[in-house]
Amino acid sequence: MNPPRSWSPKPVLVGVAWGLAAVSLLVTVLSSEATTRLLLGLATLLLLALGTHGTFVRPRLLVDDSGVTVRTPTGARHLPWHEVKVRLVHTRRLGRETATLELDWHRGEDEQLFVLTQLDLGTDPRDVADVLHALRP
């Protein structure tokens, strides 16, 4: 029996999002120009959304002997090992290669694709893929 493992966005990044949202809100309130208030208000909303997402979607990925649990804004979804395919996908854009972890879930006619990045996991998706392949029965 393996102990459960979990991955989440880094707490520092979530804290930075909340801090920047607070600063942006303060500058928005203190600004005298309508255009500046509008743009900073939109930036504040974006930062609040990012902070909220990073706070409430924890842990983003949880793995145990029964399968994988992915937490999304709509709730947690448990994926049994026999219904999920784990893939590491490499993408090259603008001269930079990035890796994402894809969890492809199938149950009968239902299917769903979860794409997790380094920001979602708080670590390199390659390392998470290695752990998932090692824990998979």
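This is a predicted model: local features need pLDDT of at least 70, side-chain atom pairs count only at pLDDT 80 or more; totals for chains, interfaces and linings use all residues.
Reader: Hi! Where do helix H1 and helix H2 sit in the chain, and how do their axes cross?
Author: Helix H1 covers residues 11–30 and helix H2 covers residues 34–56. Their axes come within 8 Å and cross at roughly 155°. Angles over 145 degrees count as roughly antiparallel, so that is how H1 and H2 run relative to each other.

Reader: Is that crossing left-handed or right-handed?
Author: The crossing of H1 and H2 is left-handed. Among the residues making the contact are Val-14, Trp-18 and Leu-25 of H1, along with Leu-40, Leu-47 and Gly-51 of H2.

Reader: How many of the contact residues of H1 with H2 are nonpolar, polar or charged?
Author: The contact has 12 nonpolar, 8 polar and 1 charged.

Reader: Nice. Switching to helix H4, which of its residues are buried?
Author: In H4, residues 125–135, the buried ones are Pro-125, Val-128, Ala-129, Val-131, Leu-132 and Leu-135. Seen down the helix axis, they fall within an arc of 160°, so they line one face of H4.

Reader: And what covers those buried residues of H4?
Author: The cover includes strands S1, S2, S5, S6 and S7, and also helix H3. On the face turned away from the buried side, H4 carries the exposed residues Asp-130 and Ala-134.

Reader: Now the loops! Which peptide bond is cis?
Author: The bond from Arg-58 to Pro-59 is cis, with omega near -15°. Pro-59 lies in the loop between H2 and S2.

Reader: What about Leu-94, buried or exposed?
Author: Leu-94 counts as exposed because its relative accessibility is 93%. Leu-94 is in the loop between S5 and S6, and has a positive phi of about 55° although it is not a glycine.

Methods. Residues are numbered from 1 along each chain as its sequence is written. Side-chain values use heavy atoms; hydrogens and water are left out. Buried means under 20% relative accessible area, exposed over 50%, partly exposed in between (1.4 Å probe, protein chains only). Helices (H or I, at least four residues) and strands (E, at least two) are DSSP runs, numbered from the N terminus. The arc is that of the directions from the helix axis to the C-beta atoms. Contact means heavy atoms within 4.5 Å. Axes are lines fitted to C-alpha atoms, for helices over the stretch in contact, and angles run from 0 to 180 degrees between N-to-C directions. Angles under 35 degrees count as roughly parallel, over 145 as roughly antiparallel, 65 to 115 as roughly perpendicular and the rest as oblique. A crossing is left-handed if the near helix is turned anticlockwise from the far one by less than a right angle, and right-handed if clockwise. Ala, Val, Leu, Ile, Met, Phe, Trp, Tyr, Cys and Pro count as nonpolar, Asp, Glu, Lys and Arg as charged, and the others, Gly among them, as polar.
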